[in-house]
Amino acid sequence: MSAKTPIITKPVWILSFVSLFTDFASEMLYPVVPVYLKEIGFSVALIGLLEGLAELTVGISKGYFGKRSDETGLRLPFVKLGYGLSALSKPMMAMFSFPFWIFLARTTDRLGKGIRTAARDALLAQASDPSNRARVFSFHRSWDTVGAVLGPLTALAFLHFAPGHYKELFYLAFIPGIIAVALIFLLKETPGRRTEKKGGFFSYFGYWKEAGWDYKRLLVGLLVFALANSSDAFLLLQAREVTQSDSITIGAYIFYNLVYAISAYPMGILADKWGKRGTFMAGLLLFILVYTGFAFVGSATGVFILFTLYGLYAAATEGIAKAWISNLATPGQTATSLGLYNSTQSLCTLLASTFGGILWTAGGASFTFLTAAILAGVSLIYFTLAYRGK
């Protein structure tokens, strides 16, 4: 990439706005889904199971569709189908309230994410180089998170005038979802080099044997942390329990996303200049502080402070981890390497969310959050002592 070429190119802008509108739709619902599910009879343990199974769907599909993207040399068909399914899932949640249908709707949304994620991330990797990749991925995450600000703001305004009318929100969320799908058709793609098709559905795990040692060491550390990082639904439930207010809970979540959106790109610049490892480790430390804080928080002010730190943690880790993985990918297998990371991360999140719900039911919220903080501490020690790569 020449010095005159802009770092943020047209495909990056388009993909960023696609993610913005998709997150607008998803995050319009995310803060109220745990409350809605409890209202229709779901226990906390069942909510944890639902989130865990949703992540299982993502987990077993991201790697497969990433590998298929490399095998076909195409990205856009996977991106279009994935975002389309996610848009379709929004009104599905409101049609019926019995558990099987709710699980089906949530799974449809997560399947869409599984189909599109690795192919989209590979497009972002193609639109960058190792010297600026953290900035590109963080820029994308920043605009994605702008949608996560607009969505809850819309939900907050709607629920102000129509308290408790959760179902109508699911129908309203279909609109930004369809806008996101329409924007994808502005992208053009020239088919890339195909790779040989090997094995069946789970053959993407075979990439582990082909990957370099640095990729393997990095993946181990990231997955240890993923075992600590359960669904944000638990943070929202605790915030709701402390504040006793839907509006304050959603407001705190909006503020978290605003902090994330503002700080993501600067964190990407920092990671490109000073190293991804140090930036990521700072994020881990913030995560530990947040989860320890949620174990003891007792006021709305405390909830807002913790969500502020949580936004800084997300900015320092999420986009940067994908850029880090992309830099270590085997040539021609970028989507596969990202897919393996995304899949194994989601499978770990399945375990984290499922056991988070069980721990909450058995020992209370504090037990859940402190356990997660300890596991994140193990990951921080790993990156401090066992992993020296940048």
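User: What makes the crossing of α1 and α5 left-handed?

Analyst: Happy to start there; bear in mind that this is a predicted model. The α1 and α5 crossing is labelled left-handed because that word applies when the near helix is turned anticlockwise from the far one by less than a right angle. As for the packing itself, helix α1 (residues 10-29) and helix α5 (residues 99-126) have axes 10 Å apart and an angle of about 150 degrees.

User: Which residues of α1 and α5 meet?

Analyst: From α1 come Val12, Leu15, Ser19 and Thr22, and they meet Arg116, Arg120, Leu123 and Leu124 of α5. The contact divides into 4 nonpolar, 2 polar and 2 charged residues.

User: How do the axes of α13 and α14 lie?

Analyst: The axes of helix α13 (residues 276-296) and α14 come within 8 Å and cross at roughly 145 degrees. α13 passes α14 in a left-handed crossing. In that contact, 19 residues are nonpolar, 5 polar and 2 charged.

User: What makes the pairing of Lys322 with Asp121 a polar contact?

Analyst: The side chains of Lys322 and Asp121 make this contact at 3.0 Å. The cut-off for a donor and acceptor pair of N or O atoms is within 3.5 Å, so 3.0 Å qualifies.

User: How do you know whether Arg217 is buried or exposed?

Analyst: The relative accessibility of Arg217 is 18%, and the limit for buried is under 20%, so Arg217 counts as buried. Arg217 belongs to helix α10 (residues 213-226), and its side chain joins that of Asp214 through a polar contact of 2.8 Å.

User: What makes α10 mostly covered?

Analyst: The count does: 10 of its 14 residues are buried. Among them are Tyr215, Leu218, Leu222 and Phe225. The buried residues of α10 pack against α9 (207-210), α13, α14, α15 and α16 (365-385).

User: How do you know that the span of α10 agrees with what it should be?

Analyst: At 1.5 Å a residue, its 14 residues should span 20 Å, and the end C-alpha atoms of α10 are 20 Å apart, so the two agree.

User: What is the reach of α15, and what is expected?

Analyst: Helix α15 (residues 334-363), with 30 residues, reaches 42 Å from its first C-alpha to its last, close to the expected 44 Å. Just after α15, Gly364 takes a positive phi of about 95 degrees.

User: Why is Gly363 called partly exposed?

Analyst: Gly363, in helix α15, has 45% relative accessibility. Buried would need under 20% and exposed over 50%, so Gly363 falls in between and is partly exposed.

User: What makes the phi of Gln244 worth a look?

Analyst: Most residues other than glycine have a negative phi. Gln244 is not a glycine, yet its phi is positive, about 55 degrees.

Terms used
Residues numbered from 1 in each chain as written. Predicted model: local features only at pLDDT ≥ 70, side-chain atom pairs only at ≥ 80, totals over all residues. Heavy atoms only, no water. Helix = DSSP H or I, 4+ residues; strand = E, 2+ residues; numbered from the N terminus. Expected span 1.5 Å × (residues − 1). Axes fitted to C-alpha atoms, helices over the stretch in contact; angles between N-to-C directions. Nonpolar A, V, L, I, M, F, W, Y, C, P; charged D, E, K, R; others polar. Buried < 20%, exposed > 50% of the residue type's maximum accessible area, 1.4 Å probe, protein only. Contact = heavy atoms within 4.5 Å.
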